[in-house]
Structures are given as C-alpha cells and as structure tokens.
Amino acid sequence: TIMSEEMKTPEVETSEAPKTKTFTEQLEVAGKELVDQVQDLVKQGNVRKLIIKTSEGNELMQVSLTVGAVAGGIAALAAPWLAALGAIAALVARVKIEIVREEES
C-alpha cells in the first residue's frame, strides 16, 4: 500500500506541470550579421539555447538562455558572451546558428 501511494504522488505533480516541446532549427548567416541575428533571436523569448558553428559544422560557442535572462531582455543583450560573438563574427565569413526553442503545448 505504501508503495502504491508513493507512485501516485508524482503522477499528480507531473500532470499539473505545463508541458513544453523542444525543437531545433538552423540558420546560416554571414559573420558580420551574427550579432544582430542573435539579438533578434533573444528578443523572441522562446529560445533556450544557441549553438554557434562554423559553416563546416564545428562548434564555436554554446549559449544557454534562462527564462530570467530572456525575460530581462536588456540584461541578456548586454551579456559578456555578446562580445565573444563579435570576435567570432570578425574571424569567420559564414556561421551556422543552431536554435533550440521551447513551446508550451
């Protein structure tokens, strides 16, 4: 009886939690457009992670965006990793941006 009661509790908790789906998309942009493109993606609000790769697919940088940083908007845009993006943009002609998004279902 104790075991069955313990198993029921998590089911109730998970059914009340909002369900989210994660999906990934990829963009390819010129290096000089990288910072502007990333700022636009951050403003969209449903982006959870950005992975910056070379046009050959080698990972250069990974940025996780928390809900608080995205909601803060200005704080996310002034983040130190933005300076690193600028340096990357100056060194490469084209980059791929892998975008991980979440949407509530």
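Author: Contact here means heavy atoms within 4.5 Å. With that cut-off, of the contacts in the chain between residues at least 6 apart in sequence, 73% join residues at least 24 apart.

Reader: Before we go on, what kind of model is this?

Author: A predicted one, where local features need pLDDT of at least 70, side-chain atom pairs count only at pLDDT 80 or more, and totals for chains, interfaces and linings use all residues. Residues are numbered from 1 along each chain as its sequence is written, and side-chain values use heavy atoms, leaving out hydrogens and water.

Reader: How many helices and strands does the secondary structure come to?

Author: Five helices and four strands, counted as DSSP runs numbered from the N terminus (helices are H or I with at least four residues, strands are E with at least two). Along the sequence, the pattern reads α-β-α-β-β-α-α-α-β.

Reader: And how much of the chain is made up of buried residues?

Author: Of the 105 residues, 29% are buried. Buried means under 20% relative accessible area and exposed means over 50%, with partly exposed in between (1.4 Å probe, protein chains only). As for the surface, the chain exposes about 6,800 Å², and carbon and sulfur atoms supply 54% of that; the areas come from the Shrake-Rupley method with a 1.4 Å probe, and for residues only the protein chains shown count as cover.

Reader: Let's get specific. Why is Leu41 called buried?

Author: Its relative accessible area is 1%, and the limit is under 20%, so Leu41 qualifies. Leu41 sits in helix 2, residues 34-44. Beyond residues up to four places away in sequence, Leu41 touches Val47, Leu50, Ile97, Ile99 and Arg101. Take Ile99: 58 residues separate it from Leu41 in sequence, yet the C-alpha to C-alpha distance is 8.5 Å.

Reader: What makes the buried residues of helix 2 line one face?

Author: The residues in question are Leu34, Val38, Leu41 and Val42. Looking down the axis of helix 2, they fall within an arc of 100°, so they line one face of the helix. That arc is taken over the directions from the helix axis to the C-beta atoms. In general, an α-helix has 3.6 residues a turn, so residues three or four places apart point the same way. After helix 2 comes Gly45, with a positive phi near 90°.

Reader: Which residues are buried in helix 5?

Author: Trp81, Leu82, Leu85, Ile88 and Ala89. Seen down the axis of helix 5, these fall within an arc of 110°, so they too line one face. The face turned away from that buried side carries Ala83, Ala90 and Leu91, which are exposed.

Reader: How do you know that helix 2 and helix 5 meet?

Author: From residue pairs within the contact cut-off: Leu34, Val35, Val38, Gln39 and Val42 in helix 2 meet Trp81, Leu82, Leu85, Gly86, Ile88 and Ala89 in helix 5. These residues divide into nine nonpolar, two polar and no charged. For that tally, Ala, Val, Leu, Ile, Met, Phe, Trp, Tyr, Cys and Pro are nonpolar, Asp, Glu, Lys and Arg are charged, and the others, Gly among them, are polar. The axes of helix 2 and helix 5 (residues 81-91) come within 9 Å and cross at roughly 145°; axes are lines fitted to C-alpha atoms over the stretch in contact, with angles from 0 to 180 degrees between N-to-C directions.

Reader: Why does Ala89 count as buried?

Author: Ala89 has 14% relative accessibility, so it falls under the 20% limit. Setting aside neighbours within four places in sequence, Ala89 is in contact with Gly31, Lys32 and Leu34. Ala89 and Lys32 are 57 residues apart in sequence, but 5.4 Å apart C-alpha to C-alpha.

Reader: What joins the side chains of Glu98 and Lys53?

Author: A polar contact of 2.9 Å. The term needs a pair of N or O atoms within 3.5 Å; within protein, one must be able to donate a hydrogen and the other to accept it, and residues adjacent in sequence count only if both atoms are side-chain atoms. So 2.9 Å is inside the limit. Glu98 lies in strand 4, residues 94-104, and at 16% relative accessible area it is buried.
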